[in-house]
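Let's take a walk through this structure together, one piece at a time. Have the picture open as you read.

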Amino acid sequence: MTIPGEEPEQVAKQEVVLVVNPLSSSKMQTTNPLIELVGVAAGLIGAVNSVIEQTVVAGVTAALDRVVPIAVNSVVDRMDLTQIVLDRVDIDAIVARANMNEIINRVPMIDIANYIIDEIDLPKIIRESTGGIAADAVNAARMQSLSLDEFINKIADSVMFRRKGRNVESPTNADSEGDE
Amino acid sequence: MTSFEKFRQQLAAGEVRNPAQVVIPEKAKPKQGHRSGIVTRAIAVAIDISVVIIVMLINYGLLWLFLLLVAPIHLFEMPAASWFFLAGFVLLWAYWTAAWALSGRTLGNHLMGIQVVDYKGARLTWPLSALRSILSMVFPIGLLWVVVSPTNRSIQDTILRTSVVHNWSVTLDDPFVRG
């Protein structure tokens with residue numbers, strides 16, 4: 001793994017060296033041997049420099065390739081990236097800029113809807129709610145007749161001077177004398 | 001769709017709520033198991049008789065259609081109305097007998113939330129049910145004794161030691177299910 005910013009710089013340096021060499025040797029034709037010597041020396045130094053540079057760069061690159069991932073990993077291990085993102089990144093802004101239509105186009109909406117309907121058992125809900133309405137109506141009628149029953153019973157009991165009222169308990173609970 | 005069998009299993013396992021706890025209003029819960037009064041029972045009887053009358057009218061229409069299509073025209077004649085009256089009586093008797101012996105409820109009983117039980121609070125036997133049915137038909141005025149009776153019983157109930165109790169929902173506690 002290399003850091004992306006580094007490579008273009010190395011390439012630029014190598015190019016510079018290649019341009020310098022022909023300049024010093026062929027184009028500058030001077031008669032002064034001293035200057036020629038300096039030129040050759042400069043070329044030599046340049047070549048050596050480029051070799052060293054290449055070697056060093058290759059070595060450093062290889063070393064970085066090895067070290068950087070480990071270092072970055074160990075650094076990242078020591079940081080709570082999620083928390084950093086939550087602290088520093090405006091997620092709302094990112095979501096606002098996201099193209100929701102593209103996302104929704106890739107979601108199988110009909111399949112999901114069918115799945116939800118299957119899971120919540122929609123027919124059962126409809127059945128229960130309509131059944132509930134019917135049950136309410138029936139219960140209302142039953143309550144009406146029940147209260148009418150009690151009203152009539154009360155009148156009949158008072159006409160017959162029956163002070164205790166009636167025994168309307170279920171036959172299963174204590175109904176020995178109720179059989180008349 | 002849930003079958004009744006499956007529903008009962010689920011109810012026994014506690015997977016579904018008992019409908020009795022859901023359906024019955026709070027005010028009516030203490031009244032469950034109490035003997036029902038005259039108004040409720042009269043309405044139930046009226047509903048039963050209406051059902052039988054409707055069935056007999058349909059039968060009359062079907063018979064008329066059948067004879068019209070099948071019988072030779074010079075022999076076409078509807079039976080006398082008294083035959084239908086008699087048939088209605090027999091039908092009502094059979095209907096009440098079967099309903100009380102099987103579930104303790106006729107259609108009218110079911111709508112009004114009442115149930116016919118014997119002196120133990122259990123389902124009526126077939127002979128008892130048939131007897132109660134015939135007594136109810138030959139002496140319908142006996143129902144009015146409910147108003148006077150100290151235990152909300154009609155003449156028929158008093159003779160046969162039966163009761164008509166409020167039971168607003170069909171549950172596992174029903175004599176029918178238990179038996």
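To talk about how helices cross, we need axes: these are lines fitted to C-alpha atoms, for helices over the stretch in contact, with angles running from 0 to 180 degrees between N-to-C directions. We also need the helices themselves: helices (H or I, at least four residues) and strands (E, at least two) are DSSP runs, numbered from the N terminus. A word on where this comes from: the model is predicted, local features need pLDDT of at least 70, side-chain atom pairs count only at pLDDT 80 or more, and totals for chains, interfaces and linings use all residues. Residues are numbered from 1 along each chain as its sequence is written, while chains are lettered from A and ligands numbered from 1 in the order in which they are written.

Start with chain A. Of its 180 residues, 5% count as buried (20 or more other C-beta atoms within 10 Å of a residue's own; 12 or fewer makes it exposed, and in between it is partly exposed, with C-beta atoms placed from the backbone).

From the N terminus on, the order is α-α-α-α-α-β-α-α-α-β-α. Here 30% of the 179 residues count as buried. Take the chain B contacts (C-beta atoms, placed from the backbone, within 7 Å) between residues at least 6 apart in sequence: 73% of them join residues at least 24 apart.

Now look at helix 3 and helix 4 of chain B. Their axes come within 10 Å and cross at roughly 130°. The two helices are therefore oblique to each other, given that angles under 35 degrees count as roughly parallel, over 145 as roughly antiparallel, 65 to 115 as roughly perpendicular and the rest as oblique. Among the residues making the contact are B:Ile49, B:Val52 and B:Tyr60 of helix 3 of chain B, and B:Phe84, B:Leu91 and B:Tyr95 of helix 4 of chain B. The contact residues divide into eleven nonpolar, one polar and no charged (Ala, Val, Leu, Ile, Met, Phe, Trp, Tyr, Cys and Pro are nonpolar, Asp, Glu, Lys and Arg charged, and the others, Gly among them, polar).

What about the largest nonpolar core? It has 18 residues, and B:Trp100, B:Ile114 and B:Val116 have the most contacts inside it. Two or more residues each come from helix 3 (38-70), helix 4 (81-102), strand 1 (114-117) and strand 2 (163-166) of chain B. (Such a core is a set of buried Ala, Val, Leu, Ile, Met, Phe, Trp, Tyr and Cys residues joined through C-beta atoms within 7 Å.) Leaving aside residues up to four places away in sequence, B:Ile114 touches several others, including B:Ala44, B:Val164 and B:His166.

Where the chains meet, 31 residues of chain B and 24 residues of chain A take part. On the chain B side, helix 3 gives the largest share, four residues. That side divides into 15 nonpolar, eleven polar and five charged residues.

Most residues other than glycine have a negative phi. A:Phe161, in the segment after helix 7 (122-159) of chain A, has a positive phi of about 50°, and counts as exposed with 6 C-beta neighbours inside 10 Å. B:Asn152 has a phi near 55°, but is buried, with 26 other C-beta atoms within 10 Å.

How values were computed
Contact = placed C-beta atoms within 7 Å.
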